[in-house]
Amino acid sequence: MKVLSHKDSAYARFVKKLDRRAVPGAAGKQVEEIVAGIIADVQKRGNAAVFEYTQRFDGLKLTAKSMFVSEAEIEEAYASVDEDVKKAVAMSKRNIHAFAKRSMRKDWKAKNKEGVEVGERFTPYDRVGVYVPGGKAPLVSSALMTAAFGQAAGVPEILAATPAGADGKINPALLYALVESGATEIIKVGGAQGIAAMALGTKSVRPVEKIFGPGNTFVVEAKRQLVGAVSIDLLPGPSEVLIVADKSANARFIAADMLAQAEHAGDSVVGFATNSKALLTRVQKEIEKQAPKLSREKYIREVLKKGTFCLLTKTLEEAVEICNAFAPEHLSLVVEDEEKWLDEIRTAGAIYLGPLAAVAVGDFVAGPSHTLPTGGSGKSFSGLRADQFQRRASIVRMDQAALKKSLAAVETFARVEGLDAHGKSVSIRVKK
Ligand SMILES: NC(=O)c1ccc[n+]([C@@H]2O[C@H](COP(=O)([O-])OP(=O)(O)OC[C@H]3O[C@@H](n4cnc5c(N)ncnc54)[C@H](O)[C@@H]3O)[C@@H](O)[C@H]2O)c1
Ligand SMILES: [Zn+2]
């Protein structure tokens with residue numbers, strides 16, 4: 001765990017490095033090339049390529065039939081998932097839908113100064129893809145945090161892709177959550193080949209229009225490379241939290257949040273910035289006290305060693321500046337004057353306010369999606385939300401009076417751009 005005070009000589013340099021930019025290719029030339037190769041191969045050979053990579057990376061042999069989760073598998077999942085899980089999924093889904101309803105764009109129309117009616121119309125995509133990471137943990141909540149937003153937006157076809165283990169089985173709770181969140185088809189394909197199959201289509205997989213969801217570096221790089229063939233939500237990478245706190249904060253809660261973040265995976269990032277020396281000392285002690293009791297201590301130790309920093313800043317202002325430069329996926333803001341400091345926060349993906357706002361509640365059930373911008377991309381992306389499942393079209397309608405009032409300016413534009421047919425197409429309609 002890196003601990004630095006503003007008085008240390010290494011502090012300024014370290015803080016400067018926290019001003020991040022998520023640049024393409026940051027995953028490394030090698031990942032970029034591997035993914036480009038997989039995409040090209042899926043484009044050329046379709047199913048055959050998808051099956052080959054699935055065998056190579058996940059040890060699973062698939063066919064055109066077995067790549068899709070069957071009705072029987074879904075029935076089995078519904079029968080085996082216990083009531084507590086069903087209840088928790090229902091609660092999360094209810095809150096997601098309520099949140100989604102408010103953030104969805106609504107049609108509107110108005111008249112411009114000349115009397116032309118202008119407006120916007122929003123309709124759900126017809127067919128989207130969601131990626132749910134497999135691998136290290138069955139991310140039941142990630143199914144909800146992507147697909148259920150599409151479901152709320154009214155997307156009729158949601159194709160989900162998730163890697164199955166070598167035994168071809170998908171965790172029943174994950175399957176249950178996916179179906180409850182509106183997934184209409186599920187393929188047992190992960191990685192870059194899963195993203196490529198959804199974006200480009202194969203003989204068995206009909207292509208989607210937009211792809212959502214988190215994944216490892218191969219998945220995220222594949223999404224980045226396939227922009228154009230599809231659009232995407234954002235490029236979410238390894239999870240992170242930054243806690244900004246003053247002396248009013250509770251050290252036990254902060255330590256618990258830092259450990260919760262650290263247990264996600266070995267590549268998680270955990271930051272803590274405070275202007276209170278006493279708090280910093282107490283948090284360090286608390287971490288050592290709480291960590292040994294946790295089941296994922298292995299990941300936690302790894303993250304504490306290489307992905308954790310604690311900064312003693314000179315002022316709270318400085319901590320907030322660090323936050324804006326860092327653009328954390330999650331910010332936990334625990335300060336006396338919440339409203340004042342909230343106004344200063346600009347780049348965080350999700351802001352948790354006050355000592356009781358545990359990030360884990362947002363991870364699972366609060367309502368906003370936990371699929372959020374990481375690696376500094378909060379400067380240019382926002383978290384996944386329902387309106388990203390809506391297509392937008394602008395609408396223009398006019399009558400004779402509005403047409404007449406627009407004519408002079410149109411003719412001027414037409415003249416300077418050398419597009420006389422444009423001018424003509426308007427003047428021809430205007431009644432003299
Ligand atoms: N930001 C968020 O909201 C959020 C949420 C959940 C998970 N995540 C992130 O998702 C990631 C999950 O990663 P994961 O690996 O467990 O699951 P994953 O499903 O993302 O990746 C597994 C796939 O990676 C591919 N792969 C593995 N090794 C490869 C190689 N050498 N070459 C090419 N492809 C290869 C395989 O196809 C495999 O199916 C973590 O980094 C986690 O932090 C982020
Ligand atoms: Zn978390």
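1. Alanine 327 sits in the loop between α13 and β12, and its phi is near 50°, a positive value in a residue other than glycine.

2. A word on what you are looking at. This is a predicted model, in which local features need pLDDT of at least 70 and side-chain atom pairs count only at pLDDT 80 or more, while totals for chains, interfaces and linings use all residues. Residues are numbered from 1 along each chain as its sequence is written, and chains are lettered from A and ligands numbered from 1 in the order in which they are written.

3. Now the whole protein. Its secondary structure comes to 17 helices and 14 strands; these are DSSP runs numbered from the N terminus, helices being H or I of at least four residues and strands E of at least two. Of the 432 residues, 41% are buried. The C-alpha trace spans about 85 × 55 × 45 Å along its principal axes.

4. Which domains does the assignment give? They are domain 1 (2-22 + 238-366), domain 2 (29-106 + 124-232) and domain 3 (398-427), with bounds that come from an automatic or database domain assignment. The C-alpha centres of domains 1 and 2 lie 31 Å apart. Five residues of domain 1 are in contact with five residues of domain 2, where contact means that C-beta atoms, placed from the backbone, lie within 7 Å.

5. Next, the sheet. Six strands form an open sheet with parallel pairing, in the order β1-β11-β10-β9-β12-β13; two strands pair if DSSP finds at least two bridges between them. At the edges, β1 (2-5) and β13 (350-353) each pair on one side only. Neighbouring strands are turned by 15° against each other on average, direction ignored. These angles use axes that are lines fitted to C-alpha atoms, for helices over the stretch in contact, and run from 0 to 180 degrees between N-to-C directions.

6. One detail to find: glutamate 240 has valine 269 in β10 as its bridge partner. Helix α11 (residues 277-290) packs on the sheet, touching β1, β9, β10 and β11 (308-312), and its direction makes about 155° with that of β11. Helix α13 (residues 316-326) lies across β9, β10, β11 and β12 (330-334), running at about 160° to β9.

7. Finally, the annotation. An unreviewed UniProt entry places the feature "binding site" at Gln261, His264, Asp363 and His422; such positions are given in the numbering used here, feature names are shortened, and annotations may be inferred rather than shown by experiment. They span 162 residues in sequence and the farthest two C-alpha atoms are 58.0 Å apart, so they do not all gather at one spot.

8. Two of these residues deserve a visit. Aspartate 363 lies in helix α15 (residues 359-364) and, with 19 C-beta neighbours inside 10 Å, counts as partly exposed. Histidine 422 lies in helix α17 (residues 420-427) and also counts as partly exposed, with 15 C-beta neighbours inside 10 Å. Not counting residues up to four places away in sequence, histidine 422 touches Val410 and Ala414.

How values were computed
Contact = placed C-beta atoms within 7 Å. Buried ≥ 20, exposed ≤ 12 C-beta atoms within 10 Å, placed from the backbone.
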